[in-house]
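Look at the structure first, then read on.

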Amino acid sequence: MNTYSCFKDRTALITGGASGIGRAVSVKLLAAGANLVVWDVNSARLAELRALAPDRIETATVDVADSAAVRAAAGVAKARFGGFDYLLNNAGIIGRHMSVTRFDEAELDRVLAVNLKSVFIVSNAFIGAPTGRAGRAIVNLSSIAQRTGGMIGSIAYATTKGAVHSFTTALAKELAPHVRVNAMAPGIIDTEIQKDVFTDASQIAAMADVIPLKRLGTADEVADCALWLFSDAAAYITGISVDVSGGR
């Protein structure tokens with residue numbers, strides 16, 4: 001039996017889906033027969049993704065921390081596909097280096113808005129656009145930073161990911177038994193967001209050395225975890241967070 005045949009003709013909403021993990025999940029769901037609604041702030045990359053299957057992909061440039069923008073985009077997508085079966089709350093930023101003793105309040109607000117407020121707003125939009133089909137599921141992108149504290153200087157990011165972890169547990173109880181809610185906690189994944197932080201190859205090599213599997217993960221490996229959590233193979237799993245961290 002094909003585990004992923006459950007995705008055919010269903011609709012997934014993915015935030016931050018134009019690059020990195022979000023794009024990898026988008027491509028895999030598309031290959032499995034799903035329709036996609038992808039929101040991002042990078043219109044050029046959204047256009048590249050939409051070109052893969054214009055008849056099955058709806059894209060929009062959306063600030064996911066703006067509730068009015070999210071409601072408007074959700075309305076357009078619902079009119080086209082009839083509602084949402086799956087949601088990947090993937091949009092996120094690391095933010096600029098800061099500490100509690102010296103932080104930029106505006107930057108703190110930006111990280112909180114993109115990484116945490118958006119999860120509330122988009123989840124609300126998803127819940128309000130049911131398809132009438134069973135098996136709806138949400139996957140939130142947390143991080144192992146929620147338990148390790150992350151890199152020094154990324155305290156705002158780590159804090160938001162800890163909150164996403166708690167949000168996942170609470171929402172799973174709130175939406176059961178009709179919607180399953182789980183999280184993924186990636187470790188150091190070879191995506192552009194990491195390259196913005198680690199610009200030197202020696203830094204990346206040093207980070208790989210502290211991972212038991214001795215390498216960075218890939219976006220495709222995280223995407224495989226997302227598809228499993230969405231799929232019928234995980235039908236009795238809700239309220240958990242899965243580390244995708246190479247053992248770190």
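A crossover is called right-handed if, with the strands pointing away from the viewer, the path from the first strand over the helix to the second runs clockwise. In this predicted model, such a unit is formed by strand S2, helix H2 (residues 43-50) and strand S3, as a right-handed β-α-β unit.

**The sheet**

Strands S2 (residues 35-40) and S3 (residues 57-61) run parallel and are joined by 5 bridges. Within this pair, Val-38 has Thr-59 of S3 as its bridge partner, and Asp-40 stands opposite Thr-61 in S3. Strands of a sheet pair through backbone hydrogen bonds, either parallel or antiparallel.

The pair belongs to an open sheet of 7 strands with parallel pairing, in the order S3-S2-S1-S4-S5-S6-S7. S3 and strand S7 (241-244) each have a single partner strand, so one side of each has no neighbour in the sheet. From one strand to the next, the twist averages 15°.

**Helices across the sheet**

Helix H1 (residues 20-31) lies across S1, S2, S3, S4, S5 and S6, and runs at about 170° to S1. Helix H4 lies across S1, S2, S4, S5 and S6, and its angle to S4 is about 175°.

**Helix against helix**

| Helix pair | Axes come within | Crossing angle |
|---|---|---|
| H3 (residues 67-81) and H4 (residues 105-127) | 10 Å | roughly 30° |
| H1 and H9 (residues 219-230) | 8 Å | roughly 55° |

How are H3 and H4 oriented to each other, roughly parallel or roughly antiparallel? Angles under 35 degrees count as roughly parallel, and H3 and H4 cross at roughly 30°, so these two helices are roughly parallel to each other. H3 passes H4 in a right-handed crossing. On the H3 side the contact is made by Ser-67, Val-70 and Ala-74, and on the H4 side by Ile-121, Val-122 and Ala-125. These residues divide into 5 nonpolar, 1 polar and no charged.

The axes of H1 and H9 cross at roughly 55°, and the two helices are therefore oblique to each other. H1 also passes H9 in a right-handed crossing. Residues of H1 in this contact include Gly-20, Ile-21 and Ala-24, and those of H9 include Ala-219, Asp-220 and Val-222. By class, the contact of H1 with H9 has 9 nonpolar, 1 polar and 3 charged residues.

Notes:
Residues are numbered from 1 along each chain as its sequence is written. This is a predicted model: local features need pLDDT of at least 70, side-chain atom pairs count only at pLDDT 80 or more; totals for chains, interfaces and linings use all residues. Side-chain values use heavy atoms; hydrogens and water are left out. Axes are lines fitted to C-alpha atoms, for helices over the stretch in contact, and angles run from 0 to 180 degrees between N-to-C directions. Helices (H or I, at least four residues) and strands (E, at least two) are DSSP runs, numbered from the N terminus. Angles under 35 degrees count as roughly parallel, over 145 as roughly antiparallel, 65 to 115 as roughly perpendicular and the rest as oblique. A crossing is left-handed if the near helix is turned anticlockwise from the far one by less than a right angle, and right-handed if clockwise. Contact means heavy atoms within 4.5 Å. Ala, Val, Leu, Ile, Met, Phe, Trp, Tyr, Cys and Pro count as nonpolar, Asp, Glu, Lys and Arg as charged, and the others, Gly among them, as polar. Two strands pair if DSSP finds at least two bridges between them.
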